[in-house]
Amino acid sequence: MKETTDGWQTIAAEETGDSRLCYVVENLEPGQEYSFQIRAMNQLGPGDATDPLKVSVKCDVPPPPLQPEMLEQTPHSIVLTWSPPERDNGSEVTAYSLQFRKHHEEEWRMVSDEITTVPVEVECPEPRTGYLFRVRARNALGNSEWGDQSMFETLPPPLPEAPQGLAVVSSHNSATMHWPHQEATVTGYEVQQQKNGEWISVVEAEQVVAEQLGRISSKRKQSLSTDSELERVRKRQILYFTRENLAAGTEYVFRIAAKNAGGQAFSSEIKVETESESSARQLSEDEQERLRALFKYHDCTEYLERFSAALYDVETLSRLPQEELRVVFEKMQVLPRHRERIRRALSQPPGAPERPAKVQVSSDSMTLTWEAPPLSGYPVVDYVVSYQWRDSAGVESEWSEVRCGATCCKVEGLLPSTEYR
């Protein structure tokens, strides 16, 4: 007989070849102590039991924990939990190891081998991607086998920010659109044109914009990561696309779609009316004079005829992104010593927006809106809203700032019943 938590349990013995009796007791739990007694039996029943023989089973590594379970998921993380092994095999579980890998990869990556509490948040590099997870337990004797795997998928990313701050320059047969690149949320763009009430993708724009994004990505890798926020805004890249072979004196409607793995978001419609043939044959006298003054100031009037014939007036040139302006300079055969001086003269900071108006006020926030300044150069890529509070004693706080890419901004974290300006 052996003693268990439920009392004594009777087991049978088997004869061996040398007239000895033996019995192999299996499925004992590591780290547990067992007592054994032996009774002889005949046809009249069992005899007296021997004194108990106490035996301690050697401790062992724990069995694997149960499969990981998901508690929460985001586009770039998954929160996991799991239950401990059903038993510890005589030695307390002190830590867990967690590994993960993409569902189509072979190599496992260690999250940590010193996990003592759950849940655990695992950073996953890619959104909308399946990841496999496995866990093992550890006690003083070593690690268990890896438990059963679980697969969970990260969420798709949020929709990208819709393109804003769009500008357009048109001629009698073309329209050039410019917009700031939102690097944080956008991986690609699609230019669409409305035809017969339906939006059609402009196929030739795909490669043009992709090449610009490729150059931006290359420059970004070379830039310093210590740039201030203001410096990053100043360096924000402007994308452009020219839709050519348009009919003169005709209205066209375009929009820009920003895309990422989560979907796409559309800009507001851009309505463009091309110039008539008669007005497109030459620059106006005022445009000619401004162009002449630009080149005369920089002592390079030899370019006047070329730019005038190509219908490049000062306003059109000032709106071109740097990359497109470089292409124009090459096409117009502008000498390198003149390019930088002309470019600096064309670059004008934006004018002041209209005075902001409050459209919604709560106890701790205020939503403001304003009119964009007249377009005088590159498209506006960002706005800075400055504000300060003043208490009843007339004491004023320092100015605080919040940035936004549109002509509407919600300023949060304000003090209730406080005057702001």
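Is Q388 buried or exposed? Q388 is buried, with a relative accessible area of 4%. Buried means under 20% relative accessible area, exposed over 50%, and partly exposed in between (1.4 Å probe, protein chains only).

This is a predicted model, in which local features need pLDDT of at least 70 and side-chain atom pairs count only at pLDDT 80 or more, while totals for chains, interfaces and linings use all residues. Residues are numbered from 1 along each chain as its sequence is written, and side-chain values use heavy atoms, with hydrogens and water left out.

1. Surroundings of Q388. Q388 sits in the loop between β27 (383-387) and β28 (389-390). Helices (H or I, at least four residues) and strands (E, at least two) are DSSP runs, numbered from the N terminus. Leaving aside residues up to four places away in sequence, Q388 touches E396, S397, E398, W399, E419, Y420 and R421. Contact here means heavy atoms within 4.5 Å.

2. Polar partners of Q388. A polar atom of the Q388 side chain lies 2.7 Å from the backbone oxygen of S397. The side chains of Q388 and R421 are joined by a polar contact of 2.7 Å. A polar contact is a pair of N or O atoms within 3.5 Å; within protein, one must be able to donate a hydrogen and the other to accept it, and residues adjacent in sequence count only if both atoms are side-chain atoms.

3. Charged network. R421 also belongs to a network of salt bridges that links it with R390, E396 and E419. A salt bridge is a side-chain nitrogen of Lys or Arg within 4 Å of a carboxyl oxygen of Asp or Glu. The structure holds 13 salt bridges.

4. K102 and E126. These two form a salt bridge, with the closest N and O atoms 2.4 Å apart. K102 lies in strand β11 (residues 95-102) and E126 in the loop between β13 (120-123) and β14 (130-139), so the pair ties together parts that are 24 residues apart in sequence. K102 is buried at 10% relative accessibility. E126 is partly exposed, at 35%.

5. R243 and E204. Their side chains meet in a salt bridge of 2.7 Å, N to O. R243 belongs to strand β21 (residues 238-243) and E204 to helix α1 (residues 203-222), so this pair ties together parts that are 39 residues apart in sequence. R243 is buried, at 14% relative accessible area, whereas E204 is partly exposed, at 43%.

6. K410 and E412. The closest N and O atoms of this salt bridge are 3.8 Å apart. K410 is partly exposed, at 47% relative accessible area. E412 counts as exposed, at 55%.

7. Helix α4. This helix (residues 285-297) has 13 residues and reaches 18 Å from its first C-alpha to its last, close to the 18 Å expected at 1.5 Å a residue. The expected span is 1.5 Å times one less than the number of residues. Q288, L291, L294 and F295 are buried in α4. They cover an arc of only 125 degrees around the axis, which puts them on the same side of α4. The arc is that of the directions from the helix axis to the C-beta atoms. E285, D286, K296 and Y297 are exposed on the other side. The buried residues pack against α5 (304-309), α6 (314-319) and α8 (336-346). After α4 comes D299, with a positive phi near 55 degrees.

8. Cysteines. A search of the whole structure finds zero disulfides, a disulfide being a pair of cysteine sulfur atoms within 2.5 Å. C59 is partly exposed, at 29% relative accessible area. C300 is buried, at 0%.
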